[in-house]
Amino acid sequence: MIPRLPPTAVVLGATGLVGGYLVSELTTSGVAVTVVGRRPLPGHHDPALSFHLLDFEGLRADPSTGTDLFAGDPAVFVALGTTRKAAGSKEAFRRVDLEYVRAVGQAARAAGVSHLLAVSSVGASVTARNFYLQVKGEAEEALDALDFPSLTLARPSLLLGHRTTPRPLERWSGALMGSLRPVLKGPFTRYRPIHARTVARALVQAARDPATGTAVLESHHLARLGG
Ligand SMILES: NC(=O)c1ccc[n+]([C@@H]2O[C@H](COP(=O)([O-])OP(=O)(O)OC[C@H]3O[C@@H](n4cnc5c(N)ncnc54)[C@H](OP(=O)(O)O)[C@@H]3O)[C@@H](O)[C@H]2O)c1
């Protein structure tokens, strides 16, 4: 028997590439979804979807203000993130990718959430030399330290998919990595670009069958699970 999805879910980052696919995958699977963000999802009128406007700075200052968002033990999907360019500085990037993510985790844990699933990145590590990967590693550690009954950390490689605001560097890297695909074998399989829809599908699959403790899904695992 295929394990069932939880009846409710909360998605943060739903206006983004992975988050948008998460919402579609969940709602088409019959899950009642609450989108939590700083702005509503444009053009969404699905009755299975509700929206909660969140003051992320308020949550960062006091995560206990967010516990109501997670009442009833929904599966919580965190696909938040920014870029240094969009955020304007390293500090501002860190605020979103680490501090907001940690505050969401703290609020969810305090509310008794059993399963949180977060999108991190291939290569995330607190010891990484690259600032982005180091912050992603810190976010993973911050969530892990909260001791959720089940925590899923997804580490996708470069994301493919249509963006309303183009990211030329990402498109260029996608083309380059795509041409390198045949040589990205064995331990390098995890660096193959992956479609954001595949990441979302893999996370929804993981929500059907929560592992005990922390499970890390590398990009090639995501490709298998969501493909
Ligand atoms: N792009 C890649 O190739 C890649 C590769 C590996 C891992 N990742 C990671 O995967 C995750 C999802 O990536 P994605 O490309 O789907 O993200 P995305 O399209 O950039 O969407 C990011 C989401 O975060 C929200 N967000 C950004 N800044 C915010 C702020 N200051 N306050 C509140 N919400 C904010 C956005 O909301 P608004 O719409 O309101 O801005 C949006 O919903 C991210 O953590 C990213 O770092 C990305």
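## Close-up views of helix contacts and loop residues

**View 1. Helix 5 spans 14 residues.** From its first C-alpha to its last, helix 5 reaches 20 Å, close to the 20 Å expected at 1.5 Å a residue (the expected span is 1.5 Å times one less than the number of residues). The structure is a predicted model, in which local features need pLDDT of at least 70, side-chain atom pairs count only at pLDDT 80 or more, and totals for chains, interfaces and linings use all residues. Residues are numbered from 1 along each chain as its sequence is written. Helices (H or I, at least four residues) and strands (E, at least two) are DSSP runs, numbered from the N terminus. Val135, Lys136, Gly137, Glu138, Ala139, Glu140 and Leu143 are the buried residues of helix 5; a residue is buried if 20 or more other C-beta atoms, placed from the backbone, lie within 10 Å of its own C-beta, exposed if 12 or fewer do, and partly exposed in between. These buried residues pack against helix 4, strand 5 (115-119) and strand 6 (150-155), where contact between two residues means C-beta atoms, placed from the backbone, within 7 Å.

**View 2. Helix 4 (residues 90-110) packs along helix 5 (residues 131-144), with axes that come within 9 Å and cross at roughly 15°.** Axes are lines fitted to C-alpha atoms, for helices over the stretch in contact, and angles run from 0 to 180 degrees between N-to-C directions. Helix 4 and helix 5 are therefore roughly parallel (angles under 35 degrees count as roughly parallel, over 145 as roughly antiparallel, 65 to 115 as roughly perpendicular and the rest as oblique). Helix 4 contributes Lys90, Phe93, Arg94, Asp97, Leu98, Val101, Arg102 and Gly105 to the contact, and helix 5 contributes Phe131, Val135, Lys136, Glu138, Ala139, Ala142 and Leu143. By class, these are 8 nonpolar, 1 polar and 6 charged residues (Ala, Val, Leu, Ile, Met, Phe, Trp, Tyr, Cys and Pro count as nonpolar, Asp, Glu, Lys and Arg as charged, and the others, Gly among them, as polar).

**View 3. Val135 of helix 5 is a buried residue.** Val135 has 26 other C-beta atoms within 10 Å. Leaving out residues up to four places away in sequence, Val135 touches Phe93, Arg94, Asp97 and Leu98. The C-alpha atom of Val135 is 31 Å from that of Thr27, which is 108 residues away along the chain.

**View 4. Helix 7 has 13 residues.** Its first and last C-alpha atoms are 19 Å apart, close to the 18 Å expected at 1.5 Å a residue. The buried residues of helix 7 are Ala196, Thr198, Val199, Ala200, Ala202, Leu203, Val204, Ala206 and Ala207.

**View 5. Helix 1 (residues 17-28) crosses helix 7 at roughly 50°, and the two axes come within 8 Å.** Helix 1 and helix 7 are therefore oblique to each other. Their crossing is right-handed. The contact is formed by Leu17, Val18, Tyr21, Leu22, Glu25 and Leu26 of helix 1 with Ala196, Arg197, Val199, Ala200, Arg201, Leu203 and Val204 of helix 7. These residues divide into 10 nonpolar, no polar and 3 charged.

**View 6. Helix 7 (residues 196-208) and helix 8 (residues 219-226) pack at about 75°, their axes 8 Å apart.** This angle makes helix 7 roughly perpendicular to helix 8. On helix 7 the contact residues are Thr198, Val199, Arg201, Ala202, Gln205 and Ala206, and on helix 8 they are Leu222, Ala223, Leu225 and Gly226. The classes are 6 nonpolar, 3 polar and 1 charged.

**View 7. Phe70 lies in the loop between helix 2 (56-61) and strand 4 (75-78).** Phe70 counts as buried because it has 22 C-beta neighbours inside 10 Å. Not counting residues up to four places away in sequence, it touches Val10, Val76, Ala107, Ala108, Ala111 and Val113. Phe70 and Val113 are 43 residues apart along the chain, with 6.9 Å between their C-alpha atoms.

**View 8. Asp73 and Asp147 have positive phi values.** Most residues other than glycine have a negative phi. Phi of Asp73 is near 55°. Asp73 sits in the loop between helix 2 and strand 4 and, with 16 C-beta neighbours inside 10 Å, counts as partly exposed. Phi of Asp147 is near 55°. Asp147 sits in the loop between helix 5 and strand 6 and, with 10 C-beta neighbours inside 10 Å, counts as exposed.

How values were computed:
A crossing is left-handed if the near helix is turned anticlockwise from the far one by less than a right angle, and right-handed if clockwise.
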